[in-house]
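Dear colleague,

Please find below the structure that I am handing over to you. My notes on it follow directly after.

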Amino acid sequence: MTATPALVLEGVSKSYGAVPAACDVDLVVPSGELVTLIGPSGCGKSTALRLIAGLERPDRGEIRIAGQTVADGRTFVPPERRRVGLVFQDHALFPHLSVRRNVEFGLHGQPRADRAARVTQVLDLVRLGHLADRYPHELSGGEQQRVALARALAPRPAVVLLDEPFSSLDENLRAQVRAELVGVLRETGTTAVFVTHDQTEALSIGDRVVVMTSGRIEQADTPSRVFEQPATRFVASFMGDADFLRAHVHRALLTCEIGVVSTVPGWADAETDVDVVLRPHEVALTAEPDRSDDGPAVVAVEYHGAFVLHTVRLGSGQTVRSWQPHSVRHPVGTPVRVSVVPGVTPTLLVGDTAVSSPPPRG
Ligand code: ADP
Ligand code: MG
């Protein structure tokens, strides 16, 4: 017997007029998992959370929380009876209530003594016990977010939904508050769906990353698979930098403008055009200062501190990017030889879809 997942979406769709904000979304989140949900602005991330929370009704499909159907064709359980906790970007604390009273707010309906004990417990959990009598305006942005998390956790929800909770924090504070919040979610084994538009954040904190575009899930996978084995052209370009080169597979050898890229085991009989996905850390450069043809040459150099991003224009006019260590700077105009870092197995696309086996001969 397998454990009941904390959250299940099956064929969930929701349109606003002609805009499909959720299209046939399927997602299963096991208990204790931290899922990050990422995609371009307007792709439907907040709509997905609002559907789970009960702030919107799906047009079609079913949503189950801890085994209970909360929305389908016949059922609609209101938000306050759904066992979800919410943390939004603007922490929406009540300004006229103390920290303690803000957290207690989520527990109305429970006996007073139980409430007080639970508030103390969750405030300790987010390490704010000593600030229980302060008011929101007497707290830093990070502390306010921890109060919001404590309030969401207080009623012991089956799943916590966080919608870009760090967007209003500046870069330095963000890293610290992120570590604190994720630490609390981990410590408590909380199941969470965490919306972010930051690729690094999605990859670094998620057990699983769900990539959306236009209301659809393009890929739901571990962080390393989303980055290293993107399922589609969209995922490859959205999750990190990528350049796409026309390439050809002949007798299990993948060749493109820069030469042989890699072997493709199992493609011995294939004769196929593909696109190869190259990430800047997979592209190696060797300066060839004495060469004077119109082959590959550096056209831009961007210093990023630890690394230097080189953009190279190939003979065809197409560009590829390459990360070089901070000590390497090939000046603009330098002729270079471009190759793929040994050991890399790049993603191949046919059309917009990644392929791992040769397409059938047509
Ligand atoms: P995200 O959070 O990924 O930026 P949203 O879920 O907020 O995206 O929005 C998805 C799409 O649905 C967008 O095109 C948005 O304009 C539209 N949308 C969201 N909420 C409403 C609403 N209440 N009424 C009409 N359109 C909406
Ligand atoms: Mg949003």
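Does Arg127 count as buried, partly exposed or exposed? Arg127 counts as partly exposed, because its relative accessibility is 48%; buried means under 20% relative accessible area, exposed over 50%, and partly exposed in between, with a 1.4 Å probe and protein chains only.

Before the details, two remarks on conventions. This is a predicted model, in which local features need pLDDT of at least 70 and side-chain atom pairs count only at pLDDT 80 or more, while totals for chains, interfaces and linings use all residues. Residues are numbered from 1 along each chain as its sequence is written, chains are lettered from A and ligands numbered from 1 in the order in which they are written, and side-chain values use heavy atoms, with hydrogens and water left out.

The chain as a whole

The chain has eight helices and 21 strands; helices (H or I, at least four residues) and strands (E, at least two) are DSSP runs, numbered from the N terminus. Its C-alpha trace spans about 80 × 50 × 40 Å along the principal axes. Of its 362 residues, 48% count as buried. The accessible surface comes to about 17600 Å², and 51% of this belongs to carbon and sulfur atoms; accessible areas come from the Shrake-Rupley method with a 1.4 Å probe, and for residues only the protein chains shown count as cover. Among contacts (heavy atoms within 4.5 Å) between residues at least 6 apart in sequence, 64% join residues at least 24 apart.

The surroundings of ligand 1

Ligand 1 is surrounded by Tyr16, Val19, Ala21, Pro40, Ser41, Gly42, Cys43, Gly44, Lys45, Ser46 and Thr47; a residue is near a molecule or strand if one of its heavy atoms lies within 4 Å of it. Strand S2 (19-29) and helix H1 (45-53) each supply at least two residues of this shell, and H1 gives the most, with three residues.

A backbone N or O atom of Gly42 lies 2.7 Å from a ligand oxygen, and a backbone N or O atom of Cys43 lies 3.2 Å from a ligand oxygen. For Thr47, a polar side-chain atom lies 2.6 Å from an oxygen atom of the ligand. The protein covers 58% of the 560 Å² of accessible area that ligand 1 has on its own.

H1 is largely enclosed by the rest of the structure, because seven of its nine residues are buried. Those residues are Lys45, Thr47, Ala48, Leu49, Leu51, Ile52 and Ala53. Just after H1, Gly54 takes a positive phi of about 90 degrees.

Ser13 in strand S1

Ser13 is found in strand S1 (residues 7-16) and is buried, with a relative accessible area of 7%. The side chain of Ser13 reaches the backbone nitrogen of Asp24 at 2.9 Å. Leaving aside neighbours within four places in sequence, Ser13 is in contact with Ala22, Cys23, Asp24, Pro58, Asp59 and Arg60.

Helix H3 (residues 112-125) has 14 residues and reaches 20 Å from its first C-alpha to its last, close to the 20 Å expected at 1.5 Å a residue; the expected span is 1.5 Å times one less than the number of residues. Arg115, Arg118, Val119, Val122 and Leu123 are the buried residues of H3. Seen down the axis of H3, they fall within an arc of 130 degrees, so they line one face of the helix; the arc is that of the directions from the helix axis to the C-beta atoms. Their cover includes helix H2 (99-104) and helix H4 (141-153).

H4 is mostly covered, as eleven of its 13 residues are buried. These buried residues pack against strand S6 (84-87), H2, H3, strand S7 (159-163) and helix H5 (171-187).

Arg127, in the loop between H3 and H4, has a positive phi near 55 degrees although it is a residue other than glycine. Ala66, which is not a glycine either, has a positive phi of about 50 degrees. Ala66 is found in the loop between strand S4 (60-65) and strand S5 (68-71) and, at 37% relative accessibility, counts as partly exposed.

Methods:
A polar contact is a pair of N or O atoms within 3.5 Å; within protein, one must be able to donate a hydrogen and the other to accept it, and residues adjacent in sequence count only if both atoms are side-chain atoms.
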